[in-house]
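Have the structure open as you read.

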Amino acid sequence: MSRLFIVRHGETEWNARGVLQGASDVPLSKAGREQATQAAQALQTLVAPDATLVSSPLSRAHDTALELARHLGGEVHVDDRLRERAYGEWEGITPEARLEGWPDAVAAWHEHGDPGIAGFEGHDDVRARMVESLEQWSRAAVSDLVAFTHGSSARMGTMGLLGLPLTHRTLGNLGNAAWSRLRRNDDGTWTLERHQVTVATLWTGP
Amino acid sequence: MSAIILWRHAPTASNVADRLQGTLDIPLDEAGRARASWAATRIADTYGPDLRIYSSPLSRATATAAVLAGIVGTEVTEDANLNQRSYGVWQGLTRDEVRARWPEEYERREQGLDPRIPGWDGQDAVATRVAATVERLWDPERPSVLVTHGSPITLGLLALMDVPASSRMLGRVPHAAWAVVKKVESGAWHLEAFALGAD
């Protein structure tokens, strides 16, 4: 039985201000590094010792992955397909500036997810590359796969594996350093077993 | 921020022995209450104190709900629509006994299908009943905790997400763990969290 853990990176300064990062490479903040360490300590007890670790190339995800690798003693593979959705012109600006400058596009974004602005990577493209990467790495893994990625791309990938349509949000975005756990069934379908787990809501008793 | 928290009752001695309870009323023991207390503290920290609590009438659920009610200082409202499904003639038997005596029907159950046994509550009926209850109890101003059982949580969530009850996309919430859903402006439901308070 193949298990897949999908982990979102720890917090950055931009996350704390509600600014979209997308393809921008923003490092973990001090709080984010602490989250990554705590998540790694918890995940170390949950995943198989020979789990495969793979990460988005963006440093906020990769540094979160390195924390778990340090605890498990393995390496971190890098796969560009696990990068965050590109937000084009919206990267690096505040939510207020976004609403002021692009009121119609923000409304369309909330309505169906596609604002139609320059450089914004659409749902179908993000889902396709995420599903392809997660399927490929999980089939190659000798035991569990732990994938370190981002809020929006994690949601697209998880909904893609579960066969959920992208017309609604349906699954909430993972918080910083939170994770989901999925299991692949014999018939190739996937089952969501955990979603939004953090150190604070993890039962560690008998 | 409002939410509906679907909380599965803490484990009973029958759960530990892997015995199917269904609508049989098995009480919570001391270990179960300790487990409920741990979860209740976390739920109250996130959503309390201004939350409503509803519970299945079975004592393993009302006793779990009472632990949270004691922390936030409110009452528990029993709602029969949050009851466990009936397992029919399988109730009171262990999983191993069921597998030995009804191998074919047990396999159907494992595949996500209804076993063809007397008294079994079908998955579509359970899904519809629970989803309608969540819709009815949703209050955009105040969070509510619904203390219920394993099958009602998974089946109710599938119906809210507009997914057939036979789908394998959603697992089971372990004992004393919870799921969180929210209704958005379009009327669609978002699954924010699933099986928190577990391993």
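A36(A) touches G10(A), L28(A), D63(A), T64(A), E67(A) and A177(A), leaving aside residues up to four places away in sequence. The model is a predicted one. A36(A) sits in helix α2 of chain A, which covers residues 30-46. Is A36(A) buried or exposed? A36(A) has 26 other C-beta atoms within 10 Å. The cut-off for buried is 20 or more, so A36(A) is buried. A36(A) and L53(A) are 17 residues apart in sequence, and their C-alpha atoms are 14 Å apart in space.

**Helix pairs**

Two packed helices are described by the angle between their axes and the distance between the axes.

| Helix pair | Angle between axes | Distance between axes |
|---|---|---|
| α2(A) and α3(A) | roughly 40 degrees | within 8 Å |
| α2(B) and α3(B) | about 45 degrees | 9 Å |
| α6(B) and α7(B) | roughly 75 degrees | within 7 Å |

Start with chain A. Its helix α3 runs over residues 59-72. The angle makes α2(A) and α3(A) oblique to each other. Their crossing is right-handed. Which residues of α2(A) meet α3(A)? They are G32(A), A36(A), T37(A), A40(A), Q41(A), L43(A) and Q44(A). On the α3(A) side they meet R60(A), D63(A), T64(A), E67(A), L68(A), H71(A) and L72(A). This contact divides into five nonpolar, six polar and three charged residues.

Now turn to chain B. Here helix α2 spans residues 30-47 and helix α3 spans residues 59-72. α2(B) and α3(B) are also classed as oblique. α2(B) passes α3(B) in a right-handed crossing. From α2(B), the residues involved are R33(B), A36(B), S37(B), A40(B), T41(B), I43(B) and A44(B). From α3(B) come A63(B), T64(B), V67(B), L68(B), I71(B) and V72(B). By class, the contact of α2(B) with α3(B) has nine nonpolar, three polar and one charged residues.

The last pair joins helix α6 of chain B, residues 123-137, and helix α7 of chain B, residues 150-160. The angle makes α6(B) roughly perpendicular to α7(B). The α6(B) residues in this contact include Q123(B), V126(B) and A127(B). Among their partners in α7(B) are S151(B), P152(B) and L155(B). The contact of α6(B) with α7(B) holds ten nonpolar, four polar and no charged residues.

Helix α7 of chain A takes in residues 151-162. It has twelve residues. From first C-alpha to last it reaches 17 Å, close to the expected 16 Å. How many residues of α7(A) are buried? Twelve of its twelve residues are. They include R155(A), M156(A) and L161(A). What covers them includes β1, α6, β4, β5 and β6 of chain A. Just after α7(A), G163(A) takes a positive phi of about 75 degrees.

Most residues other than glycine have a negative phi, and most peptide bonds are trans. A176(B) is not a glycine, yet it has a positive phi of about 70 degrees. A176(B) lies in the loop between α7 and β5 of chain B. A176(B) is buried, with 24 other C-beta atoms within 10 Å. A195(B), also not a glycine, has a positive phi of about 65 degrees. A195(B) belongs to strand β6 of chain B. It is buried, with 26 other C-beta atoms within 10 Å.

There is a cis peptide bond too. It joins G48(B) and P49(B), with omega about 0 degrees. P49(B) is in the loop between α2 and β2 of chain B.

**A loop tyrosine**

Where is Y87(B)? It is in the loop between β3 and α4 of chain B. Y87(B) is buried, because 22 other C-beta atoms lie within 10 Å. Y87(B) touches L20(B), G22(B) and W120(B), not counting residues up to four places away in sequence. Y87(B) and D121(B) are 34 residues apart in sequence, but 6.6 Å apart in space, C-alpha to C-alpha.

**Where the chains meet**

In all, 17 residues of chain B are in contact with 20 residues of chain A. Strand β6 of chain B, residues 189-196, gives the most to the chain B side, with seven residues. The side of chain B that touches chain A has ten nonpolar, three polar and four charged residues.

Conventions. Residues are numbered from 1 along each chain as its sequence is written. Chains are lettered from A and ligands numbered from 1 in the order in which they are written. This is a predicted model: local features need pLDDT of at least 70, side-chain atom pairs count only at pLDDT 80 or more; totals for chains, interfaces and linings use all residues. Two residues are in contact if their C-beta atoms, placed from the backbone, lie within 7 Å. Helices (H or I, at least four residues) and strands (E, at least two) are DSSP runs, numbered from the N terminus. Ala, Val, Leu, Ile, Met, Phe, Trp, Tyr, Cys and Pro count as nonpolar, Asp, Glu, Lys and Arg as charged, and the others, Gly among them, as polar. The expected span of a helix is 1.5 Å times one less than its number of residues. Axes are lines fitted to C-alpha atoms, for helices over the stretch in contact, and angles run from 0 to 180 degrees between N-to-C directions. Angles under 35 degrees count as roughly parallel, over 145 as roughly antiparallel, 65 to 115 as roughly perpendicular and the rest as oblique. A crossing is left-handed if the near helix is turned anticlockwise from the far one by less than a right angle, and right-handed if clockwise.
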